[in-house]
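This report goes through a few local features of one protein chain. Please have the sequence and the model open while reading.

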Amino acid sequence: MGKTLNVGVIGLGLIGSLHVRVMRQLPNVHLVAVADADPVRARAIGDEQRCYSYTDYRDLLAREDIDAVSICVPDAYHREVSVAAASAGKHVLLEKPLAGTAAEGIDIIEAVQAAGVRMMVAHILRFDPRYVQLHDSLASGELGEPIHLRLRRQNPVLTARRLGGSVPILQYLGIHDADLIRWYASSDVERVYAQRVCKSSNRPGAEDAIIALLTFKNGAIGTIELSWALPQNFPSGIYASAEVVGTKGAGYVNILDQGLCICTGDGIKYPDALHWPEVNGQIVGDLRDEIAHFVDRTLDGGEYAVSNSDALAAVQIIEACARSIDRNQPVQL
């Protein structure tokens, strides 16, 4: 493989369109083509980025001049598209989660291995300097062995209404913290007990909040708290935190105000300043770092920051949470 990675992007929603922009910005990437089931969107982005566009992703995968693809389709299509990409001999950057179920995730991993290509699942918080520095403090032994961990992620109710029940809260929010808490604990989860609350009258049967208690094989315990019940006028799109207490110290991440506050006659808002803000016409932040990492390690053969086994373990944790809720009892992994 040369010094430039020839890529295609499949799925051109919010995240996919950001992937396209970042791919175009990176100096060691040649954006060859994009694909989306919506012909108007595919053509518009193809014209804007001066690349080929397709409505059938298989036509993009058939191109011999593409080395790797970024897959940003809805979760339900991850298995189908990823297996096809691997079979076509393309390296894969797959937006989280790995798949909707662990069984589908295993299918994807096996397809990648059989084809002899490489894959990284895009867990963006592995590239957030706040979460990374907390992990590094643990990994260095500075905080000692983890005793207890707490990961929390809350969204305004508008998020749940926008998704309309199409994606469970465990997949949409929980996958982040399932990955982080296992990464921090440096241990697999052996037992999960989760419960949920459903109170919103405008979304009958849909969960408003989930709290899960996790027991790790190394003896640590942790909780994951998920909610998308914050008021619709909440000034930030997210309120998240991480807390780790170890035998030698403790560490905390607290995300609400990212150092930027905008006050107008319409109210107060705290814009994103780290994930994918635009500075001087360029997308910067965690997303750019994540994609650049995938490109660099694909070109030089180095190890990805997120392994396939890590990505699968995160899906297994949220799947166990769902089983625990359904059975109203703890479950073993």
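Is aspartate 310 buried or exposed? With a relative accessible area of 16%, aspartate 310 is buried, because the cut-off for that class is under 20%. The structure is a predicted model, and every value below is computed from it.

## Salt bridges around arginine 126

The count of salt bridges comes to 14. Side chains of opposite charge can pair when their charged atoms come close. One of the bridges is formed by arginine 126 and aspartate 179, whose closest N and O atoms are 2.9 Å apart. Arginine 126 sits in the loop between β6 (119-122) and α6 (129-139), while aspartate 179 belongs to helix α8; the two are 53 residues apart, and the pair links distant parts of the chain. Both ends of this bridge are away from the surface by the cut-off of under 20%: arginine 126 is buried at a relative accessible area of 7%, and aspartate 179 is buried at 4%.

Arginine 126 also forms a salt bridge with aspartate 310, and here the closest N and O atoms are 3.4 Å apart. This pair, too, links distant parts of the chain, since the loop between β6 and α6 holds arginine 126 and helix α10 holds aspartate 310, 184 residues apart.

Aspartate 310 has another partner in arginine 182, with the closest N and O atoms 3.0 Å apart. Arginine 182 lies in helix α8 and aspartate 310 in helix α10, so this bridge ties together parts that are 128 residues apart in sequence. Aspartate 310 and arginine 182 are both buried.

## The cavity

How many cavities of 30 Å³ or more does a search of the whole structure find? The search finds one. The largest cavity has a volume of about 50 Å³. Elements that give two or more residues to its lining are α8 (169-185), β9 (209-216), β10 (221-230) and α10 (308-327).

The lining of the largest cavity includes Leu170, Gly174 and Ala178, and also Ile210, Ile211 and Ala212. Ile224, Leu226, Ile317, Ile318 and Cys321 are among the lining residues as well. By class, the lining residues divide into 10 nonpolar, one polar and no charged.

β4 pairs with two strands in the parallel sense. Strand β1 (residues 5-10) is joined to β4 over four bridges, and glycine 8 stands opposite valine 69 of β4. Strand β5 (residues 91-95) also runs parallel to β4, with four bridges between them, and leucine 93 of β5 is opposite serine 70. Together with helix α4 (residues 78-87), β4 and β5 make a β-α-β unit, which is right-handed.

Conventions. Residues numbered from 1 in each chain as written. Predicted model: local features only at pLDDT ≥ 70, side-chain atom pairs only at ≥ 80, totals over all residues. Heavy atoms only, no water. Pairing = 2+ DSSP bridges. Right-handed = clockwise from strand over helix to strand, strands pointing away. 1 Å grid on protein atoms, 1.4 Å probe; cavity = no way out; pocket = protein on both sides within 12 Å on 5 of 7 lines; lining within 4 Å. Points joined across faces, edges and corners; volume = space filled by probe spheres on them. Nonpolar A, V, L, I, M, F, W, Y, C, P; charged D, E, K, R; others polar. Salt bridge = Lys/Arg side-chain N within 4 Å of Asp/Glu carboxyl O. Buried < 20%, exposed > 50% of the residue type's maximum accessible area, 1.4 Å probe, protein only.
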